[in-house]
Amino acid sequence: MPKEYSKSLANCLCFYNPQPSDKNTCASNAMKKALILAQSLFISSMQCATIRPMKHHKLIIIGSGPAGYTAAIYAGRAELSPLVAAGPEPGGQLTTTTEVENFPGFPNGIVGPDLMQAMRDQATKFGTEVVDASVTKVNLKSTPLSITIGDEEHTTDCVIIATGASALWLGQTNEQRLRGKGVSACATCDGFFFKGKAVAVVGGGDAAMEEATFLTKFANHVTVLVRSDKLRASKPMIKRAEENPKITIRYNTVVTDILGEATVTGLKLKHVIDSTEEELPVGGLFLAIGHRPNTDVFRDQLELDQKGYIVIQNQVLTSIPGVFVAGDVADYRYRQAITAAGWGCMAALEAEKFLSHKE
Ligand code: NDP
């Protein structure tokens, strides 16, 4: 801060002092006051200089998985120039998988990150701007809608929420190291790679029963590991699993370690009642212990169900006009790349319709 600035302010303050008892005291006090005042003025002027104008968009898409990018491709082609906030994991869950063999159009399969890069390229080709940052705050109750990406506030007429859900993991050291090398959270995606092997599934809900049953198409045996003495899954799903000769359900059993260097070779198990330990040789470990929808930032803005998924009306609509939802953030049932992509398409078509009525 320039010194002269504070000095002249000090003179001003002294001049306006109604009864200066002592000129020196006045000068010294005034100098102190002036310094504080000048500092705050200087800081405010610096802040003014760095404030960026708020950017307005027709459409902001939050999330960059198959739902977000598909929405962007459709919206881009409709000349809506969408802005995509790609989030903490640009490309979403597929960027952490290896081979994707069930996405239509790729008879020889495609690696997850390549598929997501291709979607991103296709979106930007049609005029989408992608920002690799997370949305930190939203105000969906204002008009226009306000979305803060990183520390930059944007306004928009319309928003598509496609933030997805994250699979829950056990949190063990070797789990992430062996992810994609035998550890998976999606049997539909990766089951095919376990032909003729023994695998284990952790969980006792519908997802665990469904994944175990699905895995018996490939694996020669599936052990379901349930941490308590009961299952949470629905009766028909339990019955199907129990009647399958390739499935064994083990209760009160937890995984304490995942074994293997290059790929999974086995699990260390602990029986929770008597604390006995053993090793179970398996080639794969599937986690079906639930997903967590990425909805924290919308908590006080939109209606969420008990598990935190966004409550939708009529497929992609929310209670707020101009706010649409696509993909796993509202879907705990299918959770597939292709269903999310289809959902992204529907949301973009609805957004386009909404904006055309607005004009
Ligand atoms: P759930 O929350 O229903 O079940 C999670 C299971 O994982 C529970 O058995 C839970 O045990 C167990 N678990 C949680 N954390 C751990 C841990 N750290 N270690 C070991 N076990 C753990 O999740 P789902 O994904 O199964 O289902 C979610 C929703 O989706 C449900 O409403 C379900 O009905 C639905 N769904 C429907 C399907 C269908 O209809 N086709 C298919 C799949 C899901 P505990 O019980 O001890 O807490």
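Two strands pair if DSSP finds at least two bridges between them. Helices (H or I, at least four residues) and strands (E, at least two) are DSSP runs, numbered from the N terminus. Strand 14 and strand 15 (residues 266–271) meet this with six bridges in the antiparallel sense. The model is a predicted one, in which local features need pLDDT of at least 70, side-chain atom pairs count only at pLDDT 80 or more, and totals for chains, interfaces and linings use all residues. Residues are numbered from 1 along each chain as its sequence is written.

**Confidence**

- The chain averages a pLDDT (the predictor's confidence in each residue, from 0 to 100) of 87, and 84% of the residues score at least 70.
- Residues 1–27 have a pLDDT below 50, and this stretch has 24 contacts in the model beyond near neighbours in sequence.
- Two residues are in contact if their C-beta atoms, placed from the backbone, lie within 7 Å.
- Over residues 40–50 pLDDT also stays under 50, and the model has one contact for them beyond four places in sequence.

- The ligand is surrounded by 17 residues, of which Gly203, Gly204, Gly205, Ala207 and Ile289 are the closest.
- A residue counts as near a molecule if its C-beta atom, placed from the backbone, lies within 6 Å of it.
- By type, the shell divides into seven nonpolar, five polar and five charged residues.
- In this division Ala, Val, Leu, Ile, Met, Phe, Trp, Tyr, Cys and Pro count as nonpolar, Asp, Glu, Lys and Arg as charged, and the others, Gly among them, as polar.
- Helix 7 (residues 206–215) contributes four residues, the largest share of the shell.
- Seven of the ten residues of helix 7 are buried, where buried means that 20 or more other C-beta atoms lie within 10 Å of a residue's own, exposed 12 or fewer, and partly exposed in between, with C-beta atoms placed from the backbone.
- The buried residues of helix 7 are Ala207, Ala208, Met209, Glu211, Ala212, Thr213 and Leu215.
- Their cover includes helix 6 (187–190), strand 11 (198–202), strand 12 (221–225), helix 8 (235–243), strand 13 (247–250) and strand 17 (284–287).

- An open sheet of five strands has the order 10-17-11-12-13, with parallel pairing.
- Strand 10 (183–184) and strand 13 are at the edges with a single partner strand each, so one side of each has no neighbour in the sheet.
- Strand 11 and strand 17 run parallel and are joined by four bridges.
- Val201 is opposite Phe286 in strand 17.
- Helix 7 lies across strand 11, strand 12, strand 13 and strand 17, and runs at about 170 degrees to strand 11.
- Axes here are lines fitted to C-alpha atoms, for helices over the stretch in contact, and angles run from 0 to 180 degrees between N-to-C directions.

**Antiparallel sheet 14-15-16**

- Three strands form an open sheet in the order 14-15-16, and the pairing is antiparallel.
- Strand 14 (253–259) and strand 16 (277–280) are the edge strands, each pairing on one side only.
- Neighbouring strands of this sheet are turned against each other by 30 degrees on average, direction ignored.
- Thr253 has His271 in strand 15 as its bridge partner, and Asp257 has Lys268 in strand 15.
- The hairpin of strand 14 and strand 15 has six residues between the strands, and in it Gly260 takes a positive phi near 130 degrees.

- Strand 7 (residues 145–149) has a covered face of Leu145, Ile147 and Ile149 and an uncovered one of Ser146 and Thr148.
- Strand 6 (residues 135–139) runs antiparallel to strand 7 and is joined to it by four bridges, with Lys137 partnered by Thr148.

**Positive phi outside glycine**

- Glu79, not a glycine, has a positive phi of about 60 degrees and lies in the loop between helix 3 (66–77) and strand 2 (83–85).
- Glu79 is exposed, with 11 other C-beta atoms within 10 Å.
- Ser81 lies in the loop between helix 3 and strand 2 and has a positive phi of about 45 degrees, although not a glycine.
- Ser81 is partly exposed, with 14 other C-beta atoms within 10 Å.
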